[in-house]
Amino acid sequence: MTQLLSERPALFKGRHFNHLLIIQAVRWYVTYKLSYRDVCDLMAERGVTVVHTTVMRWVQSFVPVFEQKWKKYARPVGSSWRVDEIYIKVKGEWRYLYRAVDRQGQTVDFLLSKKRDKTAAARFFKKAIGNNEVPEKITLDGSQASHQAVAELKAEGVLPAQTLVRTNKYLNNMIEQDHRRVKQRYYPMLGFKTFGNAKVTLSGIELANKIKKGQFDAPEITNPGALILQVWEAVLAA
C-alpha cells in the first residue's frame with residue numbers, strides 16, 4: 001500500500017501544524033461547498049483544533065504555491081477555445097471572471113478582472129496564450145470588447161492572422177455548463193471581502209476543478225492506486 005511521506009516538504013517549514021493537515025484543509029475548502037468554519041468542524045472531528053482565520057490564511061498563503069507545483073504536471077489543452085465571462089461579487093461590487101475551456105471541456109485559463117472591457121479581455125488572452133499553445137479557433141459570446149481584443153492581438157502578432165474567430169451560442173454551451181462548477185462552489189461563500197483574496201480563492205477552485213477533470217499527469221512520482229492526499233503530497237514534495 002502506498003505510504004504517505006514522513007518528511008515535511010520544504011514549503012511547510014516553520015508551520016506549527018502537520019503539513020498533511022494543511023494540505024487537507026486547503027483541498028477541502030477549494031473542492032467542496034464548505035465554509036472556513038465547516039473545515040474547522042471537520043478538523044475537530046479528527047481531534048485537531050484550528051480556528052477559521054487560520055484556515056483562511058492557509059488558503060491565501062498556499063494556493064498560489066500549490067497552483068505552481070501542479071502546473072509542472074499539466075497536460076496540454078486543445079486548440080479550439082470557448083471563451084466567456086461570469087459575474088463575481090467582491091466587497092459588494094460585481095467583478096468579472098474570464099474563463100476558457102477547450103472543445104473537450106478542459107480548463108484553458110481564467111482571469112478575475114475589475115472591469116469588462118477590451119483591455120481586460122486582451123489581458124486574459126495574453127495570459128491564456130502564455131500558459132498554453134496558441135489556439136486555432138476561438139468561440140466568443142456577443143461581447144464586442146472580446147472581439148476587439150482578439151482583433152488587436154492579431155494586429156500585434158500575438159495571435160496568428162489565420163486564427164478563426166466565431167460567435168456560436170450552441171458551441172459556447174460547453175463553457176456555460178462549466179461555469180456551474182465555479183458558481184456552485186462560489187455561491188456558499190456569499191461574496192469576497194477583498195479582490196486579492198478573491199483571486200487566490202478562485203484560482204484554488206479552478207485548480208480543484210482541473211484535478212477533477214484529470215488535467216494533470218504525475219505517474220512518475222506516485223504509485224498506482226495512490227489516494228488523492230498521497231498524490232497531493234507527492235506533487236508538493238517534488
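User: Is Lys 91 buried or exposed?

Analyst: This is a predicted model. The relative accessibility of Lys 91 is 68%. The cut-off for exposed is over 50%. Lys 91 therefore counts as exposed.

User: Where is Lys 91 found?

Analyst: Lys 91 has a phi near 50 degrees, a positive value in a residue other than glycine. Strand β1 covers 80–90 and strand β2 covers 93–102. Lys 91 is found in the loop between β1 and β2.

User: How do the axes of α1 and α2 lie to each other, and why?

Analyst: Helix α1 spans residues 19–31 and helix α2 spans residues 36–45. Their axes come within 10 Å and cross at roughly 135 degrees. Roughly perpendicular ends at 115 degrees and roughly antiparallel needs over 145. The two helices, α1 and α2, are therefore oblique.

User: Which residues of α2 meet α1?

Analyst: The crossing of α1 and α2 is right-handed. From α1, the contact uses Leu 21, Gln 24, Ala 25, Trp 28 and Tyr 29. Their partners in α2 are Tyr 36, Val 39, Leu 42 and Met 43.

User: How many charged residues are in the contact of α1 with α2?

Analyst: The contact of α1 with α2 has eight nonpolar residues. One residue of this contact is polar. The number of charged residues in the contact of α1 with α2 is none.

User: What is the arrangement of α2 and α3?

Analyst: Helix α3 covers residues 52–71. The axes of α2 and α3 come within 8 Å and cross at roughly 110 degrees. The range for this class is 65 to 115 degrees. That makes α2 and α3 roughly perpendicular.

User: Which residues of α3 make the contact with α2?

Analyst: On α2, the contact is made by Tyr 36, Arg 37, Val 39 and Cys 40. By class, the contact of α2 with α3 has six nonpolar, two polar and one charged. On α3, the contact is made by His 52, Val 55, Met 56, Val 59 and Gln 60.

User: How many aromatic pairs does a search of the whole structure find?

Analyst: Some ring pairs link into a cluster. The cluster holds Phe 12, Phe 62, Phe 66, Trp 70, Phe 216 and Trp 232. Over the whole structure, the aromatic pairs number 14.

User: What kind of pair do the rings of Tyr 29 and Tyr 36 make, and why?

Analyst: Tyr 29 and Tyr 36 are both buried. Their ring centres are 4.2 Å apart, and the planes sit at 10 degrees. Planes under 30 degrees apart count as stacked. The pair of Tyr 29 and Tyr 36 is therefore stacked.

User: Which residues of α7 meet α6?

Analyst: The axes of α6 (residues 173–186) and α7 come within 10 Å and cross at roughly 130 degrees. That makes α6 oblique to α7. The α6 side of the contact is Arg 181, Val 182 and Arg 185. The α7 side is Leu 202, Ile 205, Glu 206 and Asn 209.

User: Which residues does Asn 209 touch, not counting those up to four places away in sequence?

Analyst: Asn 209 is found in helix α7, residues 195–212. Asn 209 is buried, with a relative accessible area of 7%. Its contacts are Arg 181 and Val 182.

How values were computed. Residues numbered from 1 in each chain as written. Predicted model: local features only at pLDDT ≥ 70, side-chain atom pairs only at ≥ 80, totals over all residues. Heavy atoms only, no water. Axes fitted to C-alpha atoms, helices over the stretch in contact; angles between N-to-C directions. Helix = DSSP H or I, 4+ residues; strand = E, 2+ residues; numbered from the N terminus. Parallel < 35°, antiparallel > 145°, perpendicular 65-115°, else oblique. Left-handed = near helix turned anticlockwise from the far one by under 90°. Contact = heavy atoms within 4.5 Å. Nonpolar A, V, L, I, M, F, W, Y, C, P; charged D, E, K, R; others polar. Phe/Tyr/Trp six-rings, centres within 6.5 Å; stacked < 30°, edge-to-face > 60°. Buried < 20%, exposed > 50% of the residue type's maximum accessible area, 1.4 Å probe, protein only.
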